[in-house]
Amino acid sequence: MKMKIFVGLGNPGAEYSATKHNVGFMLADKLAEELGANDWRKKFDALVAETFFEGEKILIVKPQTFMNLSGESVAPLADFYKVAPESLTVAHDDMDLPVGMIRLRPKGSGGGHHGIESIIQFLGGEKNFSRVRIGIGRPPENRSVNSHVLSPFNEEDAKKISDAIENLVPAVICIFREGIDAAMNKFNPKKKRKAETPEEDNPQ
């Protein structure tokens, strides 16, 4: 049976549940709700919910290893179920995007995100898995990156993130149904002409 894995990255524990680093968990929860995957079970140092979508088995995964060790959970899970990287989609926070902006990518480097870098490492350097990037913006000058990603959103930004996650559920479903390229065409923000706005996202 064909299978796909969706991974939302974050940190386990109630104290982290509403923080910027946990937007991947938030999307995983919303996706599970949408697809009726309500039974979370502990497997491979992760919470895993199983469901079926159009004849394919879907695993929705929230690693419980803490962000920087995400690969220790994701790689053994993918190996056990014999799921190739091309059938893996990972959602994570991204400081290089404004709060609430979304961006789908078919592959790439870790881009400084420790959770993605860990997954690449434990997949033996494999980078060919889809990314769902959720913008959280950069910290102000007087705040460290660590403090920024481990703090909750203010009310205005929380609304932007909520809207982004609502929009990303059909985007992820489109990845399952039609593939990452089709989802990028439909859901990525349309680029403005370079003469107006330089592209902020360096290809990797």
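The crossing of helices H2 and H3 is right-handed; a crossing counts as right-handed if the near helix is turned clockwise from the far one by less than a right angle, and as left-handed if anticlockwise. The contact here is made by Gly71, Glu72, Val74 and Ala75 of H2 and by Ser118, Ile119 and Phe122 of H3, where contact means heavy atoms within 4.5 Å. By class, these residues divide into 4 nonpolar, 2 polar and 1 charged. Ala, Val, Leu, Ile, Met, Phe, Trp, Tyr, Cys and Pro count as nonpolar, Asp, Glu, Lys and Arg as charged, and the others, Gly among them, as polar.

Before going on, a word about the model. It is a predicted one, in which local features need pLDDT of at least 70 and side-chain atom pairs count only at pLDDT 80 or more, while totals for chains, interfaces and linings use all residues. Residues are numbered from 1 along each chain as its sequence is written, and side-chain values use heavy atoms, with hydrogens and water left out.

**Two helix pairs**

Two packed helices are described by the angle between their axes and the distance between the axes. Axes are lines fitted to C-alpha atoms, for helices over the stretch in contact, and angles run from 0 to 180 degrees between N-to-C directions.

| Helix pair | Angle | Axis distance |
|---|---|---|
| H2 (residues 71–80) and H3 (residues 114–122) | about 40 degrees | 8 Å |
| H5 (residues 155–178) and H6 | roughly 150 degrees | within 7 Å |

H2 and H3 are therefore oblique to each other, whereas H5 and H6 are therefore roughly antiparallel. The cut-offs are these: angles under 35 degrees count as roughly parallel, over 145 as roughly antiparallel, 65 to 115 as roughly perpendicular and the rest as oblique. The crossing of H5 and H6 is right-handed. On the H5 side, Asn167, Pro170, Ala171, Cys174, Ile175 and Glu178 make the contact, and on the H6 side Ile180, Ala182, Ala183, Lys186 and Phe187 do. That contact has 8 nonpolar, 1 polar and 2 charged residues.

**The sheet**

Now to the strands. An open sheet of 7 strands has mixed pairing and the order E2-E3-E4-E1-E5-E7-E6; two strands pair if DSSP finds at least two bridges between them. Strand E2 (41–43) and strand E6 (102–105) stand at the edges with a single partner strand each, so one side of each is left without a neighbour in the sheet. On average, neighbouring strands are turned by 25 degrees against each other, direction ignored. Helix H6 (residues 180–187) packs on this sheet, touching E6 and strand E7 (130–135), and its direction makes about 155 degrees with that of E6.

Arg41 stands opposite Val48, and Lys43 has Ala46 as its bridge partner. The hairpin of E2 and E3 has 2 residues between the strands, and Phe44 takes a positive phi near 50 degrees there.

E3 is in turn joined to E4 (residues 56–63) by 8 bridges, again antiparallel. Here Ala49 is partnered with Ile60. In the hairpin of E3 and E4, with 2 residues between the strands, Glu54 takes a positive phi near 50 degrees.

**The whole chain**

The secondary structure comes to 6 helices and 7 strands; helices (H or I, at least four residues) and strands (E, at least two) are DSSP runs, numbered from the N terminus. Along the sequence the pattern is β-α-β-β-β-α-β-β-α-β-α-α-α. The chain's radius of gyration is 16 Å, close to the 17 Å that the globule rule gives for 204 residues, so the chain is as compact as a globular protein of that length. This radius is taken over C-alpha atoms, and the rule is 2.2 Å times the number of residues to the power 0.38.
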